[in-house]
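Here are my notes on the model, point by point. Please read them with the structure open.

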Amino acid sequence: MLLTVLAGIPLTISVTAVALVIGTIGSLPLLFGILSGNRLVWLIARGIIDLCRGIPIVVWMFILFYGVTIGGTKLSAFGAAVLGLGIVSAAYLAEIFRGAISSVAAGQYEAARALGMTPRAVWGDIVGPQAWRVAIPGYTTYGIGLLKDSSIASTIGVAEMVFRSNSYARTTGEGITVFLVAAAIYVIVSVPVGVLSRKADEKLSAVVAR
Amino acid sequence: MIENPQDRLPGRREVVRVRNLAKSFGENTVLSDVNLTVLEGTVTAMIGPSGAGKSTVLRCMNLLERPDSGTIEIDGHVIDAERRFSNRELFALRRSAGMVFQHFNLFPHMTVLRNVSLPQQRVLGRSKGEADERAMALLTRMGLADKGEQYPNRCSGGQQQRIAIARALALDPKVMLFDEPTSALDPEVGLEVLEVMKELAASGMTMIVVTHEMSFARSVSEDLIVMADGGIIEQGDPKRIMAEPSHPRTQEFLRAVLQR
Ligand SMILES: Nc1ncnc2c1ncn2[C@@H]1O[C@H](COP(=O)(O)OP(=O)(O)OP(=O)(O)O)[C@@H](O)[C@H]1O
Ligand SMILES: [Mg+2]
């Protein structure tokens, strides 16, 4: 039984990781959009974010899995799962990053510009690293949430932990234990991530404490 | 009364020329027709009541604020606010002016040494070794040789402001702009910053200093500018203006600050 559940770990982790990568990359254009001074660009980005977040992940997965064909072939279950999770993640992460960037004091941009730094250096060396530190806790919290949300992929047949636990429970009839085992594994995987993130946060804020 | 510094201090090069500077924020006209000239190697103090537009003049000088009209010239780099200008011209102008802020604005995520050396690498293309060496020399000059590996927020306000001065000096600016550099500091801590500024003035640096420190304005600066309501109302010999201000608004302002 334990082995059945454990066999789902690689897919659980890879769905989470790939979705997080898609979401992080996808959040960047949205981020530029909602930081843009151009009203139209802002409105488009805002609209996309609200749309992506507004649709439940499971609905995204169904739409992508049953409704989308690329060049005559359907998306695989894995592809639909990571894309669905990635789209929603992009919208949430764009908001997390926007909040982090707006927490950087206006004086930081001014000092960097007054020194004659190019926009690239202003963002890359001054604002970006400070915003990233602020974003770390929110980002890891989102990542842990995503780990759990990856179980939604079981609904379209991705054989991750919940999918395997479910089929085990159905075939053997002993439901509760197998799900308790799955629950324990989710906790075991996510706790160290949270601890690491808090450590990083403490270390960084000790350095720059005001 | 407005005396041109060129008449009082002849034979000096004009490093800063601001002509017909105007700036509004929406309906609010903050500067109108501001003209000023700063001579090489001189210290110009700028005083005036809150809201007069002193900070806005400084911020327009390095284009942190885009003026509505007028020209800014620093060390031969000219920008006409009403014309398009390239990024190259903009960065050249900013490089020629170093700026020190009331609230220091150090980069909190870098060590003191990196605060001073990173801009040199990014803006002047110096190597890390070269930049670190220059940073160390400047920090030593500021009396902060042992602070290099600290983070800025572990330093006192006076130390932070001296680090900010070192950071600006490291780019070899032609002019230093100070916007109330001691206003956020306790008086005795402010003194250590004023000492550094005096030393800088004595070394021949051209400086424009917005300040409420009347004794600094009187004893260190060669030229005094009084601003009120978005314009320069008086300019000339600091001792003369403080002894016998000609504009009623200056009299009123000086009476208010000197009584404190
Ligand atoms: N970014 C801005 N947006 C709108 N109004 C502004 C802005 N910056 C300055 N102002 C206005 O411009 C006027 C001049 O401000 P400025 O900061 O230049 O005055 P100051 O002489 O430096 O005063 P203080 O001694 O208080 O620093 C004020 O009325 C201020 O409210
Ligand atoms: Mg001001």
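1. UniProt, in an unreviewed entry, annotates residues 16–254 of chain B as "domain: ABC transporter". UniProt positions follow the numbering used here, feature names are shortened, and annotations may be inferred rather than shown by experiment. Over residues 16–254 of chain B, the chain is 39% helix and 26% strand. The end C-alpha atoms of that span are 26 Å apart. Helices (H or I, at least four residues) and strands (E, at least two) are DSSP runs, numbered from the N terminus.

2. Ground rules. This is a predicted model, in which local features need pLDDT of at least 70, side-chain atom pairs count only at pLDDT 80 or more, and totals for chains, interfaces and linings use all residues. Residues are numbered from 1 along each chain as its sequence is written, chains are lettered from A and ligands numbered from 1 in the order in which they are written, and side-chain values use heavy atoms, with hydrogens and water left out.

3. Which residues surround ligand 1? The shell includes Phe25(B), Asn28(B), Val30(B), Lys54(B) and Glu180(B). Pro49(B), Ser50(B), Gly51(B), Ala52(B) and Gly53(B) are also among them. A residue is near a molecule if one of its heavy atoms lies within 4 Å of it. The shell divides into four nonpolar, six polar and two charged residues. Here Ala, Val, Leu, Ile, Met, Phe, Trp, Tyr, Cys and Pro count as nonpolar, Asp, Glu, Lys and Arg as charged, and the others, Gly among them, as polar.

4. Now the polar contacts (pairs of N or O atoms within 3.5 Å). A polar side-chain atom of Ser50(B) sits 2.6 Å from an oxygen atom of ligand 1. For Gly53(B), a polar backbone atom is 2.9 Å from a ligand 1 oxygen. Ala52(B) places a backbone N or O atom 3.2 Å from an oxygen atom of ligand 1.

5. On its own, ligand 1 has 630 Å² of accessible area (Shrake-Rupley method, 1.4 Å probe). The protein covers 60% of that area. β2 (28–39) and α2 (54–61) of chain B each give two or more residues to the shell. The largest share, three residues, comes from α2(B).

6. Turn to chain A. UniProt places "domain: ABC transmembrane type-1" (unreviewed entry) at residues 9–197 of chain A. That span is 82% helix and 2% strand.

How values were computed:
Polar contact = N/O pair within 3.5 Å; in protein donor to acceptor, adjacent residues only side chain to side chain.
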